[in-house]
Amino acid sequence: GGYSGGGVGKILQVVAGTPDTTFRQTTSTTFVTASSTCNVAITPTSSSSKILVVAYAVFSCNDGNDGWAATIYRDSTNLGVTDAGLAYGNSVAGITAVHFPTTMFYVDSPNTTSSTTYQVYIRLHDVDSDAGYARIGHTGYGTSSGDVPPAMMFAMEFA
């Protein structure tokens, strides 16, 4: 027997964005677009639908005293906390970078049947005011195509 309790929804559609294998970095201390392709657009079939958004990427900061924050935006709206977003990580003093494979989840109620775009944004937490970098896609293997794990996004509409 399966579970038949209340609140079980029906999946209406699943959309996958284009995986991005490009290393990017920023010195911005406010949220900026992390990647022009780490996004996903979905057109809800009903204004009452919920959208489960999933984003995966490897994040890091090149300065051992600083940190990074990542979030998901719906169009121009930050779905996370104003400064901390939906995910945060920091490095360790004396170590150039700690790489964080990170998955962010968000259940959204966009209340629309228009095309809606979700996108990953990142920012630097520049603790020691020396303009470090918040990074997406960087690994110890390198920063060129083939060395960077893909940043990916998915959106699932459910009723």
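**Strands, rings and a buried glutamate**

Q: What makes β4 and β10 paired strands?
A: Strand β4 (residues 39-42) and β10 are joined by 4 bridges and run antiparallel. Strands (DSSP runs of E, at least two residues, numbered from the N terminus) pair if DSSP finds at least two bridges between them, so 4 bridges qualify. Within this pairing, V40 stands opposite Y118 in β10.

A word on the ground rules: this is a predicted model, where local features need pLDDT of at least 70, side-chain atom pairs count only at pLDDT 80 or more, and totals for chains, interfaces and linings use all residues. Residues are numbered from 1 along each chain as its sequence is written, and side-chain values use heavy atoms, leaving out hydrogens and water.

Q: Which other strands pair with β10?
A: Strand β3 (residues 32-33) is joined to β10 by 2 bridges, and β6 (residues 67-74) by 8. Both run antiparallel to β10. T33 stands opposite Y121, while R74 stands opposite Y118.

Q: Why is Y121 called buried?
A: Its relative accessible area is 14%. Buried means under 20% (exposed is over 50%, partly exposed in between; 1.4 Å probe, protein chains only), so Y121 counts as buried. Y73, at 13%, counts as buried too. In strand β10 (residues 116-125), 8 of the 10 residues are buried.

Q: How do you know that F31 and Y73 form an edge-to-face pair?
A: Their ring centres are 6.5 Å apart and their planes stand at 65°. Rings of Phe, Tyr and Trp (its six-membered ring) pair if their centres lie within 6.5 Å; planes under 30 degrees apart are stacked, over 60 edge-to-face, the rest tilted.

Q: Why is the pair of Y73 and Y121 called stacked?
A: The centres are 3.8 Å apart and the planes 20°, which puts the angle under the 30 degrees for stacking. Y73 lies in β6 and Y121 in β10, so the pair ties together parts 48 residues apart in sequence. F31, Y73 and Y121 form one aromatic cluster.

Q: How do you know that E157 has no salt bridge?
A: The nearest side chain of opposite charge, K10, is 10 Å away.

Terms used: Lys and Arg count as positive and Asp and Glu as negative; His and the chain ends are not counted. A salt bridge is a side-chain nitrogen of Lys or Arg within 4 Å of a carboxyl oxygen of Asp or Glu.
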